[in-house]
Amino acid sequence: MPSSWKPIEREEASVIYFWAFVVGGLICAAAELVMIRFPRLTPGHLLVGLTVTGAVLNGFGWYDALIKFAGAGALIPVSGFGASITRGVLQETQKLGWEGLFTGTLEFVGLGIAAGVLFATLAALVAVPRG
């Protein structure tokens, strides 16, 4: 266990879980309100919108503050995916310059994307399609 880790007290953990639940719920509720208000939008539109929103907010440095406050409540929704893409691009741009715009995109999310493709392929091979 790294020396920077510290045990979390039971009361502190319950507050962390509370805010993660509230923030994650608010992000999902906002997405539902958009779906209700604009019924012509498909789930794909909403997915792209949340990803871009997370990326833009992290570009301004606001989404990282939300992640520090709410933890997994802000990181798990797809807006956290957009924020992770931006985080990788910003870090790689600082290290490599303009080339980081291309290499940083998959810095944090590449393994997750590869795992998603692998497991989706395995599920497609195992599943029996209906119809």
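These questions and answers walk through a predicted model of one protein chain.

Me: How many helices and strands does the protein chain have?
Reply: Read along the sequence, the pattern is α-α-α-α-α-α-α. The count comes to seven helices and zero strands.

Me: What is the radius of gyration of the protein chain, and what would a compact globule have?
Reply: The C-alpha atoms fill a box of roughly 55 × 40 × 35 Å along the principal axes. A compact globule of 131 residues would have a radius of gyration near 14 Å. The protein chain has 18 Å.

Me: What share of the residues is buried?
Reply: The chain exposes about 9800 Å², and carbon and sulfur atoms supply 72% of that area. Buried means under 20% relative accessible area. Of the 131 residues, the buried share is 22%.

Me: Which parts does the pair of Trp19 and Phe69 tie together?
Reply: The two rings sit 5.1 Å apart, centre to centre, with 50 degrees between the planes, a tilted pair. Trp19 is partly exposed at 34% relative accessible area, and Phe69 is partly exposed at 47%. The two residues are 50 apart in sequence, so their pair ties together helix α1 (residues 10-37) and helix α3 (residues 62-70).

Me: Which residues do ring pairs link into a cluster?
Reply: The chain has four aromatic pairs. One of them is Trp19 with Phe69. The cluster is Phe18, Trp19 and Phe69.

Me: Are Trp98 and Phe102 stacked or edge-to-face?
Reply: Trp98 is exposed at 59%, and Phe102 is exposed at 62%. Their ring centres lie 6.2 Å apart, with 90 degrees between the planes. Planes over 60 degrees apart count as edge-to-face, so this pair is edge-to-face.

Key: Residues are numbered from 1 along each chain as its sequence is written. This is a predicted model: local features need pLDDT of at least 70, side-chain atom pairs count only at pLDDT 80 or more; totals for chains, interfaces and linings use all residues. Side-chain values use heavy atoms; hydrogens and water are left out. Helices (H or I, at least four residues) and strands (E, at least two) are DSSP runs, numbered from the N terminus. The radius of gyration is taken over C-alpha atoms; the globule rule is 2.2 Å times the number of residues to the power 0.38. Buried means under 20% relative accessible area, exposed over 50%, partly exposed in between (1.4 Å probe, protein chains only). Accessible areas come from the Shrake-Rupley method with a 1.4 Å probe; for residues, only the protein chains shown count as cover. Rings of Phe, Tyr and Trp (its six-membered ring) pair if their centres lie within 6.5 Å; planes under 30 degrees apart count as stacked, over 60 as edge-to-face and the rest as tilted.
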